[in-house]
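Trainee: Could you go through this structure with me before I start on my notes? I'd like to take it topic by topic.

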Amino acid sequence: MTTAALHPDALPLMADGRALREAAESVDEIGRLVEAARTGDRDAFAELYGRYSRMVHGILIARVPRGDVDDLVQDVFLQAMRQIRGLREPTAFGGWLAAIARNRGVDYLRQVRATEPLDDTPDVSTDGAARLDAQTVLRTLQTLPDAYRETLALRLIEGMTGPEIAAATGLTPASVRVNLHRGMKQLRERLEGRSARVR
């Protein structure tokens, strides 16, 4: 089981110019890796896995119980490997992969809801203490609107910078900044509300 933990560098939300340049420079390299992977180059696909597995993990952990995330990450990459020849624009790999991850998360939740109730809700009233741990933050994060929870998970759990999130998901840097700002505000409000309820 994967343990959710906040990345130690999670609080500074703005990335420096170096990270932005690195993200832009990697776009061409991603295109080359995708082209190689399309021809069956397993090393190229493994490199793509290494570069995007944090993003896929973050997208999924924002949506599904964390105990199932690792298996779903593997599902997403298997699906991507089977379908990569159908990707029209190689440099759009990140956004395309993010869409596969989101759809896989939705499919998973549909299947779970059809077969059993999700019993992943914290019972904070039983210990009587307002214990603000990573699990509480994750569960609260999962209650946020889609755009905010996904971007926050990539930042807070996966430790990705704003430009890295934008480059990986295909969102604009401005959208990422807005999602992080508004999402963090809502997360704080919900965590403060939770703490107040258990006092």
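Trainee: Which residues touch the most other members in the largest nonpolar core?

Mentor: In the largest nonpolar core, which has 51 residues, those that touch the most other members are Leu48, Tyr52, Met55, Val56, Phe93, Leu97 and Leu187. A nonpolar core here is a set of buried Ala, Val, Leu, Ile, Met, Phe, Trp, Tyr and Cys residues joined through side-chain atoms within 4.5 Å. Keep in mind that this is a predicted model, in which local features need pLDDT of at least 70 and side-chain atom pairs count only at pLDDT 80 or more, while totals for chains, interfaces and linings use all residues. Residues are numbered from 1 along each chain as its sequence is written, and side-chain values use heavy atoms, with hydrogens and water left out.

Trainee: What share of the chain is buried?

Mentor: Buried residues make up 44% of the 199 residues; buried means under 20% relative accessible area, exposed means over 50%, and partly exposed is in between, with a 1.4 Å probe and protein chains only. The chain exposes about 10900 Å², of which carbon and sulfur atoms supply 49%, the areas coming from the Shrake-Rupley method with a 1.4 Å probe.

Trainee: Why is helix 7 described as largely enclosed?

Mentor: Helix 7, residues 162-169, has 6 of its 8 residues buried, so the rest of the structure largely encloses it. The buried ones are Gly162, Pro163, Ile165, Ala166, Ala168 and Thr169, and the helix is followed by Gly170, whose phi is positive, near 90°.

Trainee: What about helix 5, which residues are buried there?

Mentor: Thr136, Val137, Leu138, Arg139, Thr140 and Leu141 are the buried residues of helix 5. With 6 of its 8 residues buried, helix 5 is likewise largely enclosed by the rest of the structure.

Trainee: Switching to charges, how many salt bridges are there?

Mentor: The count comes to 10, taking a salt bridge as a side-chain nitrogen of Lys or Arg within 4 Å of a carboxyl oxygen of Asp or Glu. One of them joins Arg51 and Glu29, with the closest N and O atoms 2.6 Å apart. That pair links distant parts of the chain, 22 residues apart, with Arg51 in helix 2 (residues 42-61) and Glu29 in helix 1 (residues 17-38).

Trainee: Which salt bridge does Arg54 form?

Mentor: Arg54 forms a salt bridge with Glu164, the closest N and O atoms being 3.8 Å apart. This pair also links distant parts of the chain, Arg54 in helix 2 and Glu164 in helix 7, 110 residues apart. Arg54 is partly exposed at 34% relative accessible area, and Glu164 is partly exposed at 29%.

Trainee: And where do Lys185 and Glu189 sit?

Mentor: Lys185 and Glu189 are 4 residues apart in helix 8 (residues 173-198), so about one helical turn separates them. Their side chains meet in a salt bridge at 3.3 Å, N to O.

Trainee: Last topic, how many aromatic pairs turn up?

Mentor: A search of the whole structure finds 4. Among them, Phe93 and Trp96 form a tilted pair, 5.7 Å centre to centre with 45° between the planes. Rings of Phe, Tyr and Trp (its six-membered ring) pair if their centres lie within 6.5 Å, and planes under 30 degrees apart count as stacked, over 60 as edge-to-face and the rest as tilted. Phe93 and Trp96 both lie in helix 4, 3 residues apart, and both are buried.

Definitions and conventions
Helices (H or I, at least four residues) and strands (E, at least two) are DSSP runs, numbered from the N terminus.
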